[in-house]
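Hello,

Here is the structure I promised to hand over. Please open it first; my notes follow below.

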Amino acid sequence: MNRDVQQNRRAFLAVAGAAAAGAALSAGAQEPAPSGPVRILAISCSPRPGMTTAAGLGIALEGVRSFGRSRVETELIELAGKNIPVFNPASADLGDFAELIPKLSDPAVRGIIVGTPVYFCGMSSLCKAFLDQCMAFRKGGMLLRNKVAGILAVGGVRNGGQELAIAGVQAGLMCQEMIVVGDGRPSAHTGATLLNTDDSIEKDEFGRETARNLGRHVAEVALLLAGRA
Ligand SMILES: Cc1cc2nc3c(=O)[nH]c(=O)nc-3n(C[C@H](O)[C@H](O)[C@H](O)COP(=O)(O)O)c2cc1C
C-alpha cells in the first residue's frame with residue numbers, strides 16, 4: 001500500500017471511529033453522566049514544547065484539580081512536534097490529528113482548555129490548523145457538543161492581543177456547539193491572559209491568577225453539567 005492510500009485509510013478510520021463513538025450523541029441526544037471522574041483536557045497550541053503556553057495551561061489544570069479534587073482527572077496535550085496539517089477540504093490527510101479524535105470525543109471528557117501563544121494579535125497558525133481539523137467532530141455528529149471550553153493566551157507584551165486571540169478561538173469552538181466560558185471569579189473576564197517575560201510567566205502573578213480562575217471555572221461548569229456539582 002503506498003503512503004497516500006495508507007494515510008487516507010487512517011483518516012477514514014479515525015473519522016469513522018469517532019462517528020461510531022458519537023452516534024449516541026448525535027441528533028440532539030444528551031451525553032450520559034460519567035460514572036468515573038470527569039476528564040478535563042488542556043491543549044497547548046504552541047509550536048514550542050514546555051514553554052509559556054504549556055506552563056500557563058499547567059496552572060489552569062491546577063485550578064481544575066483544586067476545584068474538582070477526586071471528581072476530575074486532567075491531561076495536558078502539547079501539539080508541538082505533532083503533524084497537524086493545514087486543513088484542506090480536498091484532502092483526507094488528518095496527520096497526527098487522527099490520534100486526537102478519539103481522545104477529545106471521549107464522553108468522559110467534559111471540558112477542554114485551549115492555550116495559544118499570541119501571534120500578531122491572533123492565535124498561532126498551529127491553533128488555527130487544530131481548530132480547522134476539528135471539522136472532523138462536526139462531521140462525526142457534533143462530538144464536542146456541550147463540552148465546556150475555556151481559552152488561555154500568552155503574549156510577549158501585556159496588551160499584545162491576548163483577548164483578540166481568545167475571542168478567535170472562542171468563535172471557532174462555538175461552531176462545535178461547545179459551551180464557552182471565561183475565567184471565573186474574581187478576575188472574571190474572557191479567559192486567561194498571560195504575559196511572557198524572558199520565556200517565563202513566573203513574574204506574572206495577575207496572569208497566573210487568571211489561568212487558575214479559568215481552570216476552576218471550566219471545572220465548575222463541567223461538573224455542573226455532568227450532574228456532579
Ligand atoms: C510570529 C510571532 C508573533 C508574535 N506576535 C505577538 C503579538 O502580536 N503580541 C504579543 O503580545 N506577543 C507576540 N509574540 C510573542 C509570543 O506570543 C510569546 O513569546 C508567547 O509567550 C510564546 O508562547 P510559547 O512560549 O508557548 O512559545 C509573537 C511571537 C511570534 C513568534
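Please keep in mind that the model is predicted.

The overall layout comes next. The protein has 7 helices and 6 strands. Along the sequence they follow the pattern α-β-α-β-α-β-α-α-β-α-β-β-α. Of the 229 residues, 50% are buried.

Now the strands. β3 pairs with strand β1 (residues 38-44) in the parallel sense, over 6 bridges. Within that pairing, L41 has I112 as its bridge partner in β3. β3 is also joined to β4, by 7 bridges, and these two strands run parallel. Here I112 stands opposite A149 in β4. β4 in turn runs parallel to β6, with 4 bridges joining them. In that pair, V154 stands opposite L194 in β6.

Strand β6 (residues 192-195) is worth a look of its own. A192 and L194 point one way, T193 and L195 point the other way, and all are buried.

Which residues have the most contacts inside the largest nonpolar core? They are A60, I113, F130, L152 and V218, and that core has 64 residues. Take A60. Leaving aside neighbours within four places in sequence, A60 is in contact with A42, I113, L152, A192, A211, R212, L214 and G215.

I59 sits in helix α2. Is I59 buried or exposed? I59 has 22 other C-beta atoms within 10 Å, and 20 or more are needed, so I59 is buried. Not counting residues up to four places away in sequence, I59 touches R208, A211 and R212. I59 and A211 are 152 residues apart in sequence, yet their C-alpha atoms are 6.0 Å apart in space.

V72 gives another link along the chain. V72 lies in strand β2 (residues 72-78). With 24 C-beta neighbours inside 10 Å, V72 counts as buried. V72 and L223 are 151 residues apart along the chain, and their C-alpha atoms are separated by 8.4 Å.

Next, helix α3, residues 97-105. F97, A98, L100, I101, L104 and S105 are buried there. Seen down the axis of α3, these buried residues fall within an arc of 150°, so they line one face of the helix.

Last, the ligand. How many residues surround the ligand? There are 17, and the closest are S46, M51, P117, G155 and G160. This shell divides into 8 nonpolar, 8 polar and 1 charged. Helix α2 (52-68) and strand β4 (148-155) each supply at least two residues of the shell.

Best wishes

Notes: Residues are numbered from 1 along each chain as its sequence is written. This is a predicted model: local features need pLDDT of at least 70, side-chain atom pairs count only at pLDDT 80 or more; totals for chains, interfaces and linings use all residues. A residue is near a molecule or strand if its C-beta atom, placed from the backbone, lies within 6 Å of it. Ala, Val, Leu, Ile, Met, Phe, Trp, Tyr, Cys and Pro count as nonpolar, Asp, Glu, Lys and Arg as charged, and the others, Gly among them, as polar. A residue is buried if 20 or more other C-beta atoms lie within 10 Å of its own, exposed if 12 or fewer, and partly exposed in between; C-beta atoms are placed from the backbone. The arc is that of the directions from the helix axis to the C-beta atoms. Two strands pair if DSSP finds at least two bridges between them. A nonpolar core is a set of buried Ala, Val, Leu, Ile, Met, Phe, Trp, Tyr and Cys residues joined through C-beta atoms within 7 Å. Two residues are in contact if their C-beta atoms, placed from the backbone, lie within 7 Å.
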